[in-house]
Amino acid sequence: MDTQVAIAGGGPVGLMLALFLDRHGVKTVVFNNEKISRWHPKGSTHNSRTMEHYRRLGIASQVRRLGLPADHPTDVAYFTRYNAWELARVVMPSEEEKVRAVIAAPRIHQNFEPIHRANQMYVERFLLEHARTRPNITLRFGWQVGEFSENAEGVTLQAGRVAEHAAEADDYLGTALGTTGETERWQAQYLVGSDGGQSHVRRTLGIRYEGHDTLKQAFLGGRMVASHLRVPELAQDFFAGRRAWQYWVVNPEIRTALVSLNGKDEFLYWTRLPEGGTLDNAQIARGVRLASGANLDVEVLGNRNWTAGVALWAERFWSGGRIFLAGDAIHLFTPTGGFGMNTGIDGAANLAWKLAAMVQGWGGPGLLESYEAERKPIAARNTTAAQKLAKNVGAIKVSEAMERDGHAGEDARRQAGEYLATFGEEFGSIGVQLGARYDGSRLIAEDGAPPTDSYTAYTPSGVPGGRAPHFFLDPPGMPVRRSLYDLFGIGFTLLRLAPGAPGGEALARAAQRRGVPLTVVDAFDEDGRALYGRDLALVRPDQHLAWRGDSLPDDADALLARLTGHG
């Protein structure tokens, strides 16, 4: 059985890689140990860059309908207990408020697809159903990749159908499960392992993780349990009038958090595992009641063990030949900021166009090795950022007085609240979301000094290497605003940013000779021209700026050769 790209692992990164490749016209097969999409809640953050990628695939509006109701605040609130004092609140807008803000934003507004809170299990289900509709994607859910080998022509792999009894396994990616004995043999030009932190593909290649030591702290450090709960009374009685997306508790007895999944009765709940111990459903329910200060009816729908406080990335991102790694197979995050899945999806966008170029014959020998060269520094940057921003209730000094009436209690709560109010930078990490740069890459034509990197601030720049600066094509106030990004082609895009800019005919001829997809776009705009700093700008298929200039170089073919891995 033949395909162009085989993908081991059908989580959000594997599915998005398949959808990116489908957009390029590349055929894929996606193997996933579980027969269905994620059954347990995980992350709830789809950051601004990920939302831009969803928009590129034409699915951003559908994703925005998932998760919390449109009018639900996305605040982060801190309490002594859920039935008692509120200590602090990081105020963040609802989906409706974000949409209104984009409509009213200046034309050069960068965050035009703002962060969205919807749990991964909802979005994965949607991505899987969407993938079923795409002509170039073959889905093998309930199939496990076994042995594989590569040579100069491609990759051969064997897949086995997972036995029915294995469907209850904790880890739906990367875990060796029992199979029925039914097998398929596949031949692919390339294989990508997006099969989780216990990646079978990575371990078979002998690639290890490197990075930082795991955080040691009172909460979100070490072994944890994530529980899917149904607690109707919380939303109806405790959170009415003070809704939030995350509800934290800190007091002398317990430190924990609930994440609202549907804005009603379902929550994700985190508990730290006792050293060397386990937790059953009764203990988890008791913890929720302790945090709530009331004898609530708690239904535990499921549990999943995980490790918090990690910041690791793989030593290598590929075999050196035709096998690549993506997602958790190459980086593991502490959940602070919600960077993990989003970094994986951005990496898939980087890898997809390069695989497409090789499959379609217009990519050069240096193209594939650029994946590791460009994305490994981003993995190190983002995992480090998550760990540095991992301030949480485990770090706060808890006073016995904070639950008392009177002046002593008021003072203790004020001090705790002042400290907790500083946690907002974790939730406003726009620099991490939009600031990834590929400076120093052989696929980037350097021109100027890049802006200073920041986790919490993003500076748009026309210096090649970063995300292409954004601007709207119409003024504020339009109910649906046209984005420059909507004009980008599937392949490279040459932007003409001033009426007197050269036409780009030489580059178009070179692209036609090489089979490189190229779209020429007239986007005449003074503000946009100021952002880019030149009359012309060449944008890569992953929306990163590759080159800029006031005129094309004398040898346009040599420029294109370099940017596609031939130089």
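**Strand pairing and sheets**

Analyst: In β17, Tyr-209 has Ala-314 as its bridge partner. This is a predicted model, in which local features need pLDDT of at least 70 and side-chain atom pairs count only at pLDDT 80 or more, while totals for chains, interfaces and linings use all residues. Residues are numbered from 1 along each chain as its sequence is written, and side-chain values use heavy atoms, with hydrogens and water left out.

User: What makes β11 and β17 a pair?

Analyst: Two strands (DSSP runs of E, at least two residues, numbered from the N terminus) pair if DSSP finds at least two bridges between them. Because β11 and β17 (residues 311-314) have four bridges, antiparallel in sense, they meet that definition.

User: Why are β11 and β19 said to stand at the edges?

Analyst: The open, antiparallel sheet has the order β11-β17-β19. Both β11 (209-212) and β19 (331-333) have a single partner strand, so one side of each is left without a neighbour in the sheet.

User: What lies across β11, β17 and β19?

Analyst: Helix α10 (residues 369-388) does, running at about 170 degrees to β17; helices are DSSP runs of H or I with at least four residues, and angles run from 0 to 180 degrees between N-to-C directions of axes fitted to C-alpha atoms, for helices over the stretch in contact, where contact means heavy atoms within 4.5 Å.
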